[in-house]
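Please look over the sequence and the structure shown below before reading on.

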Amino acid sequence: MRINHLFSVAFLVVAGLLLPGCKNGTQKDATTAPVTDSIPAIPYITLNNGMKMPQLGCGTFTLKETTPACVKHAIHLGFRLFDTAQGYGNEAEVWQGIKESGIDRSEVFITSKVSTDAMRNHTVRESLNQSIEVLGGGYIDLMLIHWPVEGFIEETWKIMEEYVDAGKIRAIGLSNFNPRHIDDLLKYARIKPVVNQIEVHPYLTQQEVVGYTFAKGIQVEGWAPLGQGQCLGDETIAGIAGKYGKSVAQVILRWNIQRGLIAIPRCDNPDYTAENLDIFDFELSPVDMAIINGLNKNQRTNSKNDPEHFPW
């Protein structure tokens, strides 16, 4: 259970983060509210190709029917980065939420990922065409290789480079790549990856992979930044949160931001989505950062989510 959840609505009213039209803690239907005029100051990260990417966004893993409403609500709160994947089966729903929000396409940053099936079946081009079509028919801001499927990475990467050349994809990157995978790809990559999206949270700090990726000039983006809920009951983080008057989730996301990472917590709960946005008015001390770093257990949300042990 998220810390301070019982007080989240009241807090958001005070902070001015609820949708326009909210009164006495009662939230207006997100499908009818206009885009807010007051957008929180989410920092942007400059990628190695010069593109700017929001440092805090919304993940959509496991979302399906509720995706349009969740995405639209997040846009009204001020989020501009949305992460989906071919394997999530909700690219069209993510686009529906963006379209219904009324925001201009140029104001949002959309990330998707090539599925392992498309790689193995040599249908990467078909999958990219489909993703582009269901995500508005124009372009995708960032396309990642979802997993390092050995024997298929080079073919996939070179196809993705073609789509960058054609202006159909603005940037390409990696997901769940370890240092050896990165080194192999850089031997033949004509276009350098801009991002490596990996699982990162206090119980899986990934110090080695994060440092190595940064050293190669590639930005790190963390998925499951809250450990899919596993870290929210941590007593040590709760003690730190109490010092700052924040929730455990807010402290963890702030820890991600201060490490220089891009973070994409899921946007499946309207109250939590708003709470996740309220992390830019405080800063963790170096000591508190070190304490959270020390909580590492090399514990993945799913033991199978280790690219070194997948049956590729």
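Leaving aside its neighbours within four places in sequence, threonine 156 is in contact with Val114, Met119, Val124 and Ile145, where contact means heavy atoms within 4.5 Å. This is a predicted model, in which local features need pLDDT of at least 70 and side-chain atom pairs count only at pLDDT 80 or more, while totals for chains, interfaces and linings use all residues. Residues are numbered from 1 along each chain as its sequence is written, and side-chain values use heavy atoms, with hydrogens and water left out.

Threonine 156 belongs to helix H6, residues 153-165; helices (H or I, at least four residues) are DSSP runs, numbered from the N terminus, as are strands (E, at least two). Is threonine 156 buried or exposed? Its relative accessibility is 0%, and threonine 156 therefore counts as buried. Buried means under 20% relative accessible area, exposed over 50%, and partly exposed in between (1.4 Å probe, protein chains only). The side chain of threonine 156 also reaches the backbone oxygen of phenylalanine 152, at 2.8 Å.

Helix H9 spans residues 235-244, and its buried residues are Ile237, Ile240 and Ala241. They cover an arc of only 105° around the axis, which puts them on the same side of H9; the arc is that of the directions from the helix axis to the C-beta atoms. An α-helix has 3.6 residues a turn, so residues three or four places apart point the same way. The face of H9 turned away from the buried side carries the exposed residues Glu235, Gly242 and Lys243. Just after H9, glycine 245 takes a positive phi of about 70°.

What do the buried residues of H9 pack against? They pack against helix H10 (248-258) and helix H12 (286-293). In H12, the buried residues are Asp288, Met289 and Ile292. These cover an arc of only 105° around the axis, which puts them on the same side of H12. Pro286 and Val287 are exposed residues on the face of H12 turned away from its buried side. What covers the buried residues of H12 includes H9 and H10.

On a 1 Å grid over the protein atoms alone, a cavity is a set of points where a 1.4 Å probe fits but cannot get out, whereas a pocket is an open set with protein on both sides within 12 Å along at least five of seven lines; lining residues have an atom within 4 Å of a point. Grid points are joined across faces, edges and corners, and a volume is the space filled by probe spheres set on the points.

The largest pocket has a volume of about 660 Å³. Of the 33 residues that line the largest pocket, Phe61, Trp223, Ala224, Gln228 and Arg266 are the closest to its centre. The second largest pocket holds about 210 Å³ of space. Its lining has 14 residues, and Asn178, Gln206, Glu208, Val209 and Arg300 lie nearest its centre. Helix H7 (179-186) and helix H8 (207-215) are the elements that give two or more residues to this lining, and H8 gives the most, with three residues.

Finally, a search of the whole structure finds one cavity of 30 Å³ or more. The largest cavity has a volume of about 40 Å³, and its lining includes Asn178, Gln206 and Arg300.

Definitions and conventions:
Polar contact = N/O pair within 3.5 Å; in protein donor to acceptor, adjacent residues only side chain to side chain.
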